[in-house]
Amino acid sequence: MFPLIHEVVLAVLAGPVLAAAVAKLVAGLTGLAWPYETGPLAAPHGPRLVGVAELVAVAGMLLLPGRWAALCALATYLALTAAAYRLRGRSCACFGVGRLAAIGTAHLAGNAVAV
């Protein structure tokens with residue numbers, strides 16, 4: 001069994017991902033500074049697809065047992081770090097229209113710390 005501290009850490013890691021997922025799923029697509037213009041992640045389906053993937057990741061972090069939950073958190077934040085690195089300098093819709101910013105060092109550092 002995971003000690004309580006591990007459960008708390010997983011819940012803390014799941015929080016921002018859950019907030020980002022909900023923001024993407026409820027946001028209207030107008031005014032959303034989505035960084036992908038082509039491919040499967042392009043708007044209008046891309047933000048919804050990423051939001052659903054984030055919800056699945058949160059479910060994994062909170063519902064899977066022990067090491068699997070930790071592995072899910074690791075994979076999620078590795079993917080977020082890689083995306084932030086690849087998209088640095090571009091507009092971000094990480095938290096829907098409520099948090100529009102340019103992807104920069106803070107994105108990379110926050111995600112890398114979570115890893």
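**A walk through the helices and their core**

Let's start with Glu37: apart from neighbours within four places in sequence, its contacts (heavy atoms within 4.5 Å) are Ala42 and Arg90. Glu37 sits in the loop between α1 (4-26) and α2 (45-63); helices here are DSSP runs of H or I with at least four residues, numbered from the N terminus. Glu37 counts as exposed because its relative accessibility is 64%. The scale behind that word calls a residue buried under 20% relative accessible area, exposed over 50% and partly exposed in between, using a 1.4 Å probe and protein chains only.

A word on what you are looking at. This is a predicted model, in which local features need pLDDT of at least 70 and side-chain atom pairs count only at pLDDT 80 or more, while totals for chains, interfaces and linings use all residues. Residues are numbered from 1 along each chain as its sequence is written, and side-chain values use heavy atoms, leaving out hydrogens and water.

Now find Lys24 in helix α1. Lys24 counts as buried because its relative accessibility is 3%. Not counting residues up to four places away in sequence, Lys24 touches Trp34, Pro47, Arg48, Val50, Gly51, Glu54, Ala93 and Cys94.

Next comes the largest nonpolar core, with 11 residues, among them Leu10, Val17, Met61 and Tyr77. Helices α1, α2 and α3 (66-86) each supply at least two residues of this core. Such a core is a set of buried Ala, Val, Leu, Ile, Met, Phe, Trp, Tyr and Cys residues joined through side-chain atoms within 4.5 Å.

Finally, look at Arg88, which lies over the face of Tyr85, at 3.9 Å from the ring centre. A charge sits over a ring if NZ of Lys or CZ of Arg is within 6 Å of the ring centre and within 35 degrees of the ring normal.
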